[in-house]
Structures are given as C-alpha cells and as structure tokens.
Amino acid sequence: MKKILFTILSLIMASSISFAYTANPNVLNSINDNQIVDYNPNTKIWSRNLGLKDYVFTKHVSVGTGSFSEYVYKDTQYDINSTYEFLFYGKLIGYNAHLLKFFDFTFNGKDFEAKELTKEQVQFLFPDIKIIMVSDFKDNEITIESPIFRKRAYMILNDTDRDFYKYQFEYYKANDNVFKGIFETSFPRVLIYSHFKSRDELFPILKINIKPILKETEISEKETDIDENESPEAN
C-alpha cells in the first residue's frame with residue numbers, strides 16, 4: 001500500500017513539474033532594459049511607434065537591489081516604482097514584485113501617474129489564475145481549496161499597505177521569476193512566503209494551506225476597463 005501511495009504521489013509531482021504555468025503572450029510583451037517606448041499625449045496610447053509629437057522614453061534598470069525600472073525622457077529620469085512593464089493594447093502596465101501590485105501608467109507631461117489595478121482587472125490579464133488577496137489572510141494564514149490531480153495556478157495580489165521586499169516561497173521553485181506571487185500545485189501542501197525564511201516579527205510570513213477537493217471551482221469572468229479592443233496598437 002505504501003508503495004502504491006508513493007507511486008501516486010510521485011506521478012502527481014512529476015505532472016506538476018511537466019506542465020508549468022505560462023502567462024498570456026500579451027502579458028509577456030515586456031519593455032526591456034535600454035528599449036524605447038513612446039506615449040502619445042493626445043490619444044493616451046503607449047506603443048513602440050516613434051511618433052514625432054510623442055514622448056519617447058528609454059527604459060533603464062536601476063543599479064543595485066530591487067531591479068526597479070527608470071524611464072528617461074531627454075535629460076530627465078523618472079522612477080516609476082515598478083520592476084516589470086509590458087504593453088497591453090495601448091496601455092503601459094507595470095508590476096512591482098516587492099509590493100505584489102499592478103499599475104496602469106500614464107504621463108501628464110511632467111511626471112508618471114500610476115493607477116493601481118483592481119482584482120478584476122488583474123484577473124482579466126490572467127484569466128486562468130486564481131487570485132488570492134492579501135487582505136483575505138487571517139493572522140497571515142489562509143486555507144484554499146484546490147482540485148486534486150489537476151494543476152491549478154494561483155497568484156498572491158496585495159491590496160494592503162504591506163511590503164514584501166525580497167520575499168520568496170520557501171522550498172518551492174517558482175516557474176515565473178517576474179510575477180513573484182504566482183505558484184502552482186496539484187496536491188495538498190503548505191507553502192510559506194517569507195523574507196529569506198525569517199521568522200522575525202518585522203517580516204511576517206504568509207502561510208498558505210492547500211486543501212484538496214475533488215471538484216474544481218471555475219474562475220468567474222468580470223468586466224474591466226482594460227479593454228483589449230479599445231487600443232489595437234499593442235506592439
């Protein structure tokens with residue numbers, strides 16, 4: 001019996017490794033170091049098309065810890081508090097891996113303006129992921145139900161003032177190094193999201209208990225104001 005259980009568990013874990021989560025290609029349309037992106041103040045559209053009357057920015061990744069993005073226009077440098085940006089149908093969407101938050105960026109001629117995305121808007125970007133809000137944790141712990149024998153991807157999204165600088169999952173190698181809050185599982189387990197495995201009260205952990213269920217709960221689709229048809233120039 002023990003050998004059978006071990007074999008089943010091994011198959012589950014092997015399946016978990018074989019079918020890694022891959023984000024939507026639109027979300028992977030990233031602005032990389034030293035690349036150029038432009039913003040049209042009239043249409044409020046971001047693109048890679050260098051218009052004559054557009055603001056043309058060059059992205060640089062900051063030197064030092066954090067890998068924060070900086071955008072340079074002429075001789076002015078703008079720190080936007082983001083670690084990853086991508087174009088999504090004319091919008092410049094940023095992600096802060098230390099805050100576990102997404103932002104919609106615009107430029108007012110003097111500075112960048114950031115609007116934090118809601119859970120529904122992030123769900124629109126990641127339709128096949130189940131989102132877990134930080135505010136849903138009770139005493140830094142949460143129990144979630146996950147269908148057994150079936151792969152499910154989750155994302156921790158921060159809707160609080162907490163900072164998760166340099167946090168990572170313990171004893172779990174994430175498949176995605178950009179969106180730090182994503183994890184996958186197809187079997188019951190406990191995951192700890194911590195600051196270098198610290199148990200210091202200054203760096204409280206997040207504990208996720210994964211409870212197995214037989215029937216999968218579908219992710220509901222909700223309308224957002226991130227409309228993939230409103231700005232066809234995504235590239």
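How many residues lie between S4 and S5 in their hairpin, and which residue in the turn has a positive phi? There are 2 residues between the strands, and the residue is Lys74, with a phi of about 55°. Before going on, this is a predicted model, where local features need pLDDT of at least 70, side-chain atom pairs count only at pLDDT 80 or more, and totals for chains, interfaces and linings use all residues. Residues are numbered from 1 along each chain as its sequence is written, and side-chain values use heavy atoms, with hydrogens and water left out.

Strands here are DSSP runs of E of at least two residues, helices are runs of H or I of at least four, and both are numbered from the N terminus. Strand S4 (residues 69-73) and strand S5 (residues 76-79) run antiparallel and are joined by 4 bridges; two strands pair if DSSP finds at least two bridges between them. Tyr71 stands opposite Tyr78 in S5.

Next, the inside. A nonpolar core is a set of buried Ala, Val, Leu, Ile, Met, Phe, Trp, Tyr and Cys residues joined through side-chain atoms within 4.5 Å. Buried means under 20% relative accessible area, exposed over 50%, and partly exposed in between, with a 1.4 Å probe and protein chains only. The largest core has 41 residues, and Phe102, Phe126, Ile156, Phe183 and Ile208 touch the most other members. Strand S12 (residues 152-157) gives the most to this core, 5 residues.

Now the charges. Side chains of opposite charge can pair when their charged atoms come close. The whole structure has 5 salt bridges, each a side-chain nitrogen of Lys or Arg within 4 Å of a carboxyl oxygen of Asp or Glu. In one of them, the closest N and O atoms of Lys91 and Asp104 are 3.6 Å apart. Lys91 is in strand S7 (residues 91-96) and Asp104 in strand S8 (residues 101-107), so this pair ties together parts 13 residues apart in sequence. Is Lys91 buried or exposed? Lys91 is buried, at 16% relative accessible area, and Asp104 is buried too, at 15%.

Another salt bridge joins Lys207 and Glu141, at 4.0 Å from N to O. Lys207 sits in strand S16 (residues 206-213) and Glu141 in strand S11 (residues 141-147), 66 residues apart. Lys207 is partly exposed at 30%, and Glu141 is partly exposed at 34%.
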